[in-house]
2 protein chains.
Amino acid sequence: MNNQNEHFLGVDVGGTHLKIGKVSQQGEIVSFDKEDTSHYKEDPKGFNTCFVDVIGKYLSKYPDINKVGIGLPGLINKERTTTLEIPAIPELNGFDLKGALLEKYPEKSFFLENDASAAAMGEYKFASSRPSANFLFITMGTGIGSAAVVEGAIFKGARGNAMEMGHMLSRGNARLETIIGRKGILSIMKRMIDAYPEKAGVLLEKELGTHLLVDTAKEGNEVSLMTFEEVGDILGEAIVSTIRVLDINEVYFGGGISAGLEFMMPSLEKTVRQYLTHYYTDDLQLKKATLGNNAGTQGAAALCF
Amino acid sequence: MNNQNEHFLGVDVGGTHLKIGKVSQQGEIVSFDKEDTSHYKEDPKGFNTCFVDVIGKYLSKYPDINKVGIGLPGLINKERTTTLEIPAIPELNGFDLKGALLEKYPEKSFFLENDASAAAMGEYKFASSRPSANFLFITMGTGIGSAAVVEGAIFKGARGNAMEMGHMLSRGNARLETIIGRKGILSIMKRMIDAYPEKAGVLLEKELGTHLLVDTAKEGNEVSLMTFEEVGDILGEAIVSTIRVLDINEVYFGGGISAGLEFMMPSLEKTVRQYLTHYYTDDLQLKKATLGNNAGTQGAAALCF
């Protein structure tokens, strides 16, 4: 029975917090909570039991909810039952999370996914301008997350954990995420300020950060614009290689740094078009993701469909 | 009905020739022919009609054959009916090849595929030591061909033409194939000879070629070994990024230059292990493909299964 009023629980798992949303079939977050999980590590019950218990707290709070989607920051097995490597929460490594949840809440359904893949599904199911059934999704934040939707389903690759674009080798064999994750971008910004102090303006007096980068780029700051130009080049190079491997040429960009997408787009698009043939570029689409701050919980909820 | 004595026609399409094999269910080539296609371009019937006709010649020659596999050097549509971009034979671009064949030989079945993917299927179906159901396949010859088998099927990507690894961006944003295709390898060899003439030995007097490279590496020539070392590094870097995107860590190497695989393997394996975590390297397998010179026809025949 397809109940248009059905709601889902979307759980976005971070290193120290869970974001938990009650989400409608249309993607609307009708209720939102944040749970601090940092003390779970010291709890005598252990992190994993605490984690399973807190899900129960929300299943009790929302007895109408039968399906729970969980977005996890790391690698999980192909069957989507067991967490493999969750760098931010090593306690979760190798834990049959779905099994533990089903044992405690056998009448509910649970859907586990990598968080970038969950965000891609959120965009696919809930965005005002929906992606097609085949697209690449890149989130730029502290790190670089990525996912691909192929024929309407998350692309899992051979063993379940495809799309770790952030760990592709980029210039000088550094990982992409090292160069244009948050820290990398600030390094580029610092290097540009040192090279062109006369163009740095207000940046000379400020503590560097990505919000500052976006804000000053909007004001036309030349160093900020040059920083975005270089980031666009580097990201474009990785996208070229990924397009060659996956033959997917519709790309969405999300995450905090995508607030500056307009400033990296010229160099990004130039790079992509420079290194690809017409077969790829004729239908090429490079777009900003539309879900905002709560893409994590919305994406987790989208796993329930 | 599964007839153990059934035979298939495997057609390996090159720029100037077709290699046509009658292949058994076990992958044995029981009859082999080569057709010169270079004059088709001048034929008043046109290339495409000549191509369709010559297939008919072999269907008449082998009336017991009902299934024909065709490996094509380029991009084809996802439904595997129409050729899109065949750089070596532009006459074939945008031709409904399967439609034309079925119109003329309606009682037969035709299976079209990219030639690297066909070679991968040949390895999968016919190799003495069969790959698992998930593997990456790389052919090193004039160019760099690649394919992936995921869950026992050719990985087509979003639009049908995944796995153009040869066009990934490598060092200095050159395409991988430019750097370590045949010409690129000979450039590396030349550069090494110029840099270390005292180590070049017999290479100083010879016209450079990849057979010479393999033969002299076997004799311990230092320049040849250094050349393979650099090729292994560069190929390893591309494999790291591909593994990150596809999560596939069983890799087979074929093609003429893979005759020197043992010499590039130390640097290749070192690079791959250096940039990947245990999740990838614990089960990592890097192997030589076992099908030899006729992998093209065998692979094309393997499409009929």
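Student: Which polar atom lies 2.8 Å from the backbone nitrogen of A:E151?

Tutor: In this predicted model, a polar atom of the side chain of A:N134 lies 2.8 Å from that nitrogen. The cut-off for a polar contact is 3.5 Å between N or O atoms.

Student: Where in chain A does A:N134 lie?

Tutor: A:N134 belongs to the loop that runs between α3 (115-126) and β8 (135-140) of chain A.

Student: What else is A:N134 in contact with, leaving aside neighbours within four places in sequence?

Tutor: Besides A:E151, the list holds A:V149, A:V150, A:I248, A:E250 and, from chain B, B:A158.

Student: How do I read the size of the interface between chain A and chain B?

Tutor: The size of an interface is often given as the accessible area lost when the parts come together. Here about 3300 Å² is buried between chain A and chain B, with 52% of it from carbon and sulfur atoms. On the chain A side, A:R159, A:V245 and A:Y279 lose the most area to chain B, together 23% of what that side buries. Counted by contacts, 35 residues of chain A meet 35 residues of chain B.

Student: How many salt bridges and polar contacts cross the interface?

Tutor: The rule finds 6 salt bridges between the two chains, and 24 residue pairs are in polar contact. A salt bridge joins the side chains of B:E151 and A:K78, at 2.5 Å from N to O.

Student: Which elements of chain A give two or more residues to the side that touches chain B?

Tutor: They are β6 (83-85), α8 (222-246) and α10 (278-281). The largest share, 7 residues, comes from α8(A). By type, the residues of that side divide into 16 nonpolar, 10 polar and 9 charged.

Conventions. Residues are numbered from 1 along each chain as its sequence is written. Chains are lettered from A and ligands numbered from 1 in the order in which they are written. This is a predicted model: local features need pLDDT of at least 70, side-chain atom pairs count only at pLDDT 80 or more; totals for chains, interfaces and linings use all residues. Side-chain values use heavy atoms; hydrogens and water are left out. Contact means heavy atoms within 4.5 Å. Buried area is the accessible area (1.4 Å probe) that two parts lose on being put together, summed over both. A salt bridge is a side-chain nitrogen of Lys or Arg within 4 Å of a carboxyl oxygen of Asp or Glu. A polar contact is a pair of N or O atoms within 3.5 Å; within protein, one must be able to donate a hydrogen and the other to accept it, and residues adjacent in sequence count only if both atoms are side-chain atoms. Helices (H or I, at least four residues) and strands (E, at least two) are DSSP runs, numbered from the N terminus. Ala, Val, Leu, Ile, Met, Phe, Trp, Tyr, Cys and Pro count as nonpolar, Asp, Glu, Lys and Arg as charged, and the others, Gly among them, as polar.
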